Amino acid sequence: MEQNVEDYKLIFEKEGVYLHTNAKRNNQDTSKPGFIRVVERAGVPALEWSPLEDEGRSAPAVLYTKKDGEGGEEDTNFDPGYEPDWAVISTVKKDREPVPVRDSGQWSFSLPLSELYSLRRARFSLGRNFLVLTSRGGHPLPPLHFHRGGTRELLRALQRYIILDQSPVDGRLFLAYPHDSGALSQSFDKLQLFDDGGTDLVSRFIQDPYATTFGGFSKVTNFFKAALRPPESPAHSRSSLDPSLPPQSDDEPGFELITCGVELGPRPQVTRGRPLDNWEEFLDAEGRVKDPQRLKKIVFRGGITPSLRKEVWKFLLGFYPWSSTTKEREDILRVKTDEYFRMKVQWKSVSEEQEMRNSLLRGYRSLIERDVSRTDRHNTFFSGNDNPGLTLLHDVLMTYCMYNFDLGYVQGMSDLLSPLLFVTQNEVESFWCLTGFMELVNQNFEESQEAMKQQLLQLSILLRALDPELCDFLDSQDSGSLCFCFRWLLIWFKREFSFEDILTLWEVLWTRLPCDNFHLLIACSILQSQRGELIGSDHDFNTILKHINELTMKLDLQSVLLGAEAIYLQLIQCKELPLKVQQVLGLYVPSSSEEDSPNSQTSETTQLLSQSEAGAASCSSVHIPTYP
């Protein structure tokens with residue numbers, strides 16, 4: 001790739017990128033090591049790859065030139081956080097002449113960035129990221145595998161020249177546009193999700209959603225709108241011009257929109273019960289839990305007495321099977337202890353010299369040390385300097401990185417661990433409780449945030465059925481995406497209630513009663529409790545966000561739980577409940593034939609709800625889910 005010095009500028013370079021040739025013969029190497037580069041040739045930016053055998057010099061691991069306006073200096077530091085994985089894919093336009101890819105050898109290529117059409121993330125099970133490049137003209141290129149990471153830096157370099165915009169129909173697909181494109185308002189560049197770093201964005205939103213929103217996350221409303229509705233739909237165009245126009249019923253084929261209020265009956269009155277305070281009565285002679293369903297119903301209705309929390313949490317979070325005997329639990333604890341310390345020694349035995357060559361582990365350690373120093377420091381278990389509780393918090397999170405290589409550590413996970421460690425007062429038990437908790441919420445922490453967008457969509461569906469007037473008001477203030485609920489759902493209201501209340505709320509949610517999405521009903525209960533303040537005041541997008549953020553530590557948990565259960569009862573008693581609402585509540589599950597069929601589970605939640613003072617008689621005709 002010869003070029004005059006005046007016409008050539010290196011923007012980004014990464015070694016350890018392997019091109020897979022798909023060669024079928026045994027005597028051919030199907031994987032060729034090389035360099036990936038972003039360069040300017042005569043002012044034209046291009047993405048290039050060349051094999052290592054063509055290089056007469058060794059390249060730096062990562063070179064990244066900052067965007068214009070940031071000083072232009074080179075930055076070789078790499079803080080990976082959670083390394084995103086990407087692949088480049090194209091929906092080829094057939095009505096144009098193919099633009100040839102510049103070849104400088106058998107496998108080397110140079111692709112002008114103006115010919116890049118779209119990107120899809122992809123990763124092998126071993127965690128290696130790979131890119132498959134296709135030009136707008138449809139010229140196929142072999143896949144590129146990033147054996148040493150670096151995809152994030154590559155994308156940041158590409159953003160100097162192009163905009164990456166998420167597809168509204170596929171969360172893993174991103175379209176590429178030039179910077180002068182009219183799609184800028186929907187771009188990730190404008191959202192600054194790459195520049196800020198995904199994990200840092202989540203962290204800032206956890207810490208202060210109000211300030212974060214005005215610091216760059218304010219465009220998240222349009223981000224979620226684009227993800228939920230195709231950009232070419234008529235309703236999307238109309239709503240962007242006039243927010244007061246009602247949504248259209250034919251926005252998306254196959255998607256049932258709730259365009260008006262569902263005819264709901266009166267909201268039943270429910271009561272809370274006493275906490276679980278007698279553990280022995282649930283155990284048989286060998287220590288098995290005789291009736292776990294009854295136990296979970298008691299926990300759902302009243303929580304757990306503090307003295308029993310440690311034991312019961314280990315069952316709710318899967319550390320012990322409900323059917324295990326006392327002797328079997330002793331064996332399980334011994335095996336789990338050995339397994340934990342085998343994983344712990346993996347990172348403890350890494351020398352400083354080794355860690356210098358492991359940017360991923362180094363990045364995780366940096367994030368964990370930073371988060372541990374500011375997690376629940378008001379709690380005496382974590383307060384002060386040189387506190388052993390902080391050491392345990394750090395060690396458990398580092399060991400989790402060994403347990404779950406794909407996810408590693410993402411900011412916010414320390415918030416989930418601290419109550420577990422506080423209750424168990426045990427390193428091994430808190431670790432395995434964390435793995436059980438993460439089984440429920442790990443998708444919240446994925447780089448794509450697909451699970452978070454899905455939950456916000458489901459929350460919107462529920463709220464639209466419950467309170468269309470409130471939804472219309474939020475839509476009119478550009479708040480219909482409910483992005484201000486992001487932190488609630490991400491870490492299960494950890495920052496919204498007191499530490500003691502969170503212990504009760506989480507154990508209620510861990511029962512998975514009356515449905516898996518009960519946390520969304522909690523959110524609905526909070527929002528409806530604020531409807532008078534929101535609708536009755538002169539609020540706009542900014543003040544709505546400020547008001548919701550200021551609810552922190554001011555909410556009454558018992559009132560919120562009562563409201564959430566009452567909302568569930570009110571919804572399931574509706575004879576014409578929209579299908580989408582039924583699916584969110586778990587009343588119906590999609591079938592393989594595009595029809596939705598009733599869930600066959602019936603007994604447990606029906607029995608639970610029959611304890612309510614009102615509404616039980618109306619539930620007999622509704623299929624209600626249960627849990628094994």
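# Exercises on a predicted model

Ten of the twelve residues of helix 19 are buried, so the rest of the structure largely encloses this helix. Keep in mind that you're working with a predicted model.

## Exercise 1: Helix 19 from end to end

Work out which residues of helix 19 are buried, what covers them, and how the helix's reach compares with the span expected at 1.5 Å a residue.

**Solution.** 

Step 1. Find the buried residues. They are Phe499, Ile502, Leu503, Thr504, Leu505, Trp506, Glu507, Val508, Leu509 and Trp510.

Step 2. Look at what lies over them. The cover includes helix 8 (292–302), helix 9, helix 14, helix 15, helix 20 and helix 23 (557–572).

## Exercise 2: Helix 14 against helix 19

At what angle do helix 14 and helix 19 pack, and which residues meet?

**Solution.** 

Step 1. Take the geometry. The two helices pack at about 95°, and their axes are 11 Å apart.

Step 2. Values of 65 to 115 degrees count as roughly perpendicular, so helix 14 is roughly perpendicular to helix 19.

Step 3. List who meets whom. From helix 14 come Asp415, Leu416, Ser418, Pro419, Leu420, Phe422 and Val423, and they meet Phe499, Ile502, Leu503, Trp506 and Trp510 of helix 19.

Step 4. Sort the contact by class. You get ten nonpolar residues, one polar and one charged.

## Exercise 3: A partner for Asp415

How far apart are Arg495 and Asp415 in sequence and in space, and what joins their side chains?

**Solution.** 

Step 1. Decide whether Arg495 is buried or exposed. The cut-off for buried is under 20% relative accessible area, and Arg495 has 19%, so it counts as buried.

Step 2. Compare the two distances. Arg495 and Asp415 are 80 residues apart in sequence, yet their C-alpha atoms are 8.6 Å apart in space.

Step 3. Look at the side chains. A polar contact of 2.8 Å joins them.

## Exercise 4: Helix 13

Work out why helix 13 counts as largely enclosed, and check its span.

**Solution.** 

Step 1. Count the buried residues. Twelve of the 16 are buried, so the rest of the structure largely encloses the helix. Among them are Gly389, Leu390, His394, Asp395 and Tyr400.

Step 2. Find the cover. It includes helix 10 (326–348), helix 12 (359–372), helix 14 (413–424) and helix 15 (427–441).

Step 3. Check the span. For residues 388–403, 1.5 Å a residue predicts 22 Å, and the end C-alpha atoms are 22 Å apart, which agrees.

Step 4. Look at the start. There, a side-chain oxygen of Asn387 comes to within 2.7 Å of the backbone nitrogen of Gly389.

## Exercise 5: A buried lysine

Is Lys314 buried or exposed, and which residues is it in contact with?

**Solution.** 

Step 1. Locate Lys314. It belongs to helix 9 (residues 306–316).

Step 2. Read its accessibility. Lys314 has a relative accessible area of 4%, so it is buried.

Step 3. Leave aside neighbours within four places in sequence. Lys314 is then in contact with Phe319, Tyr320, Glu429 and Cys433.

Notes: Residues numbered from 1 in each chain as written. Predicted model: local features only at pLDDT ≥ 70, side-chain atom pairs only at ≥ 80, totals over all residues. Heavy atoms only, no water. Helix = DSSP H or I, 4+ residues; strand = E, 2+ residues; numbered from the N terminus. Expected span 1.5 Å × (residues − 1). Buried < 20%, exposed > 50% of the residue type's maximum accessible area, 1.4 Å probe, protein only. Contact = heavy atoms within 4.5 Å. Polar contact = N/O pair within 3.5 Å; in protein donor to acceptor, adjacent residues only side chain to side chain. Axes fitted to C-alpha atoms, helices over the stretch in contact; angles between N-to-C directions. Parallel < 35°, antiparallel > 145°, perpendicular 65-115°, else oblique. Nonpolar A, V, L, I, M, F, W, Y, C, P; charged D, E, K, R; others polar.
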